Amino acid sequence: MGKRGRKQVGLAFIAPFASLFLLVYVVPIGYAAYLSLFRQRLIGGNTFIGVDNYRKLVQDPQFWDGVSRVFRFTLIQVPIMLVLAMVLALALDSRRLHGTGFARVSIFLPYAVPAVVSTLMWGFLLGVKYGLFGSLDTAAGTGLDPFTPHTTLISIGVMVTWAFTGFNMLIFYAVLKAVPHDLYEAAALDGASELQVVRRIKLPALRGSLIIVIIFSIIGTFQMFNEPQILPSMVANSGITTYYTPNLYAYHLAFTGSQQGYAASLALVMAAITIVVAYAVQIRGLRNAFDH
Amino acid sequence: MRLHKHAALLSAALASVLALAACTGGSGATADSGDKQVNLTVWSWDGTVAKSVAGFQAANPNITVKVVNAGSSFDEYTALDNAIQAGSGVPDLAMFEYFAVPYFAIPGKLQDLQKYGAGDLKKDYVQAAWNDVTVNGKVYALPSDYGPSAMFYNDATLKKAGLNAPPATWDEYYEDAQKIHALGANYYIAQDTGDLFFLLSLIWQAGGRPFKVSGTKVHIDFTDPATTKAVAFWQKMLDGGLLNTKVTAWSDDWNRTLNDGTLASQIMGGWLTSTLPERAPQAAGQFRVALMPQWKAGDKVGAENGGSSFGIPAAAKHKDAAYKFLEYFTHGGGVAPRVDAGAFVPNTSVLNGADAQNKANQYFGGQKVGAVLAEASTSVASGWQYPPFFEWARSIYGDIASKYYTTGKIPLAQILEEWRQRMVKYGNDQGFQVD
């Protein structure tokens, strides 16, 4: 009796969270799954078509074009960004720099700039004709263009790295701060060099957070939307198509193509892909952690 | 009014939030109290519509009009589609660019206005504008603003190139383009980074009618002689390197080329008149307006580039009152205050009126711009049709066109063919019969 009563009290405590979670998370996903079984047509209206949307999706070259693009982007951009973030965190933690407080805030600041604003800003900076990049380019006579179909993705990589390095750095930095000081003292007594301290104490301490940060980054890049949505209105023929990233494609399908069902099936498949990739990273990361 | 659309695109994420907000806001406004007091909700991103509300309400004390901005262009169409689907929050009047009228009219989402007597108003509008609001012989909207294609040219740059008059024919245009480009590597007669509406206006003027719509049947063909002629001409301009393909319209770069005179001309809708002074203040007094160059010397054939109208959704609650207001601000006493506020309307009485004909525009060096645009409006060739899925079609045009403008490998004709194929596939998927 007493045990049961305690259980019900527990339920009451999680109820606020559970009801919100259900309302804004589970119900929309369920609704998307429901929608994905229908086809909307301008003539003929809504019809139930079972899993046809999914069948169509796996054969849609535009969808796979977007998926392969975010994969390539993730493979290159995420390691660069994380190495940068880690180096910065180690530098801040080394206690050999002046003004670390200011540096920490200013590296983090780009994360607080809304992506719409930062894309506009970078669009101006990288503008071929009159932007800062354009002026440098003209002065050097190199003839580089950051927004051709071959270079746009690199430019987006620069923007994303700029925006998120600080956030990741802060996570790493917080972990480093939590390392007990006696470890360093012991290392110093044993005559370990600064590099050895980094290799033997700091990097192993970062391993757990690294997995979290990689997963966050994968989810973030798989959902890329703002940059390719805004850039085409600023630069001509950047090679950004309406299916440049899966998210952008879903948006176009739903809002200009009025194919909400198809867009919903795309969103669910993309979510599944993201979960699989994130899960693979996690399992692999944990196994490594046990090995050591 | 594509300029608004571009502003909206810049903050698309924001705008869709706004559209949602407006959508929920609109649902409360259609309440009918039953004592003949009617509250009308109007969705408009044309700011001048609100100017005619006071006069209308004074004449119709039982009707209250609320003008809401539910987003521009396709943000509004999305909000409207959602409202219609949800069955609540549908406005009594909504704004549509001309190309969007068939999208709503053909699936039965718009009210045929002939039963309210809209058919009698035909003679009071420019013929092509009337054609824009007519689908399968029924009238689904009334024209509210117009975008006759016109040539905005920098007279100072032309003079520098030894040209005393703007090109009257496309042959002259080609020759002038070479003379202007000879002024310097940055000098061009025009920019083009894949402007679909410009290309269509070129085809339109040449007499091509690539879209033929009848009921739910759509026939698309970019190979008729007139279309081919127009496309081949623009191909020649591109191949000759006579166009600035680096600077895209509405960008910061574009503003600069307009200011410093390196962009000698821009063929666009007449609505550019209102935004050009803000974009190119340093070029004040240098720009002039002329009709589009002609395919045959001595002709006066124009085309359209933009423009909008208002229609009554089939699901609207107060259709009688809605039509009353619609007639008032697009045809009746409400037109004058809107024109004063800067609206450019296709009403023949306004176009031929003394104000439009005689007013000198200081930004354009004292030219009587209104008279030129009135002539451009009345000379627009009629008979053009947009497919009902044009909003989607135009959004994917860039996917295909950007290949040309970055590599130069694919000719325009092939771009249009690929575009046609994707439209055929999409259109049939959507339940139309497209070939």
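A: Let's start with Phe21(A), which counts as partly exposed because its relative accessibility is 36% (buried means under 20% relative accessible area, exposed over 50%, partly exposed in between, with a 1.4 Å probe and protein chains only). Keep in mind that this is a predicted model, where local features need pLDDT of at least 70, side-chain atom pairs count only at pLDDT 80 or more, and totals for chains, interfaces and linings use all residues. Residues are numbered from 1 along each chain as its sequence is written, chains are lettered from A in the order in which they are written, and side-chain values use heavy atoms, leaving out hydrogens and water.

Phe21(A) sits in helix H1 of chain A, residues 2–35 (helices are DSSP runs, H or I, of at least four residues, numbered from the N terminus).

Now for the partner chain: 32 residues of chain A are in contact with 38 of chain B, contact being heavy atoms within 4.5 Å. Between the two chains there are two salt bridges (a Lys or Arg side-chain nitrogen within 4 Å of an Asp or Glu carboxyl oxygen). Lys246(B) and Asp145(A) pair up in a salt bridge at 3.6 Å, N to O.

Over in chain B, Trp234(B) touches, among others, Tyr173(B), Asp192(B) and Leu412(B), leaving aside residues up to four places away in sequence.

Conventions:
Helix = DSSP H or I, 4+ residues; strand = E, 2+ residues; numbered from the N terminus.
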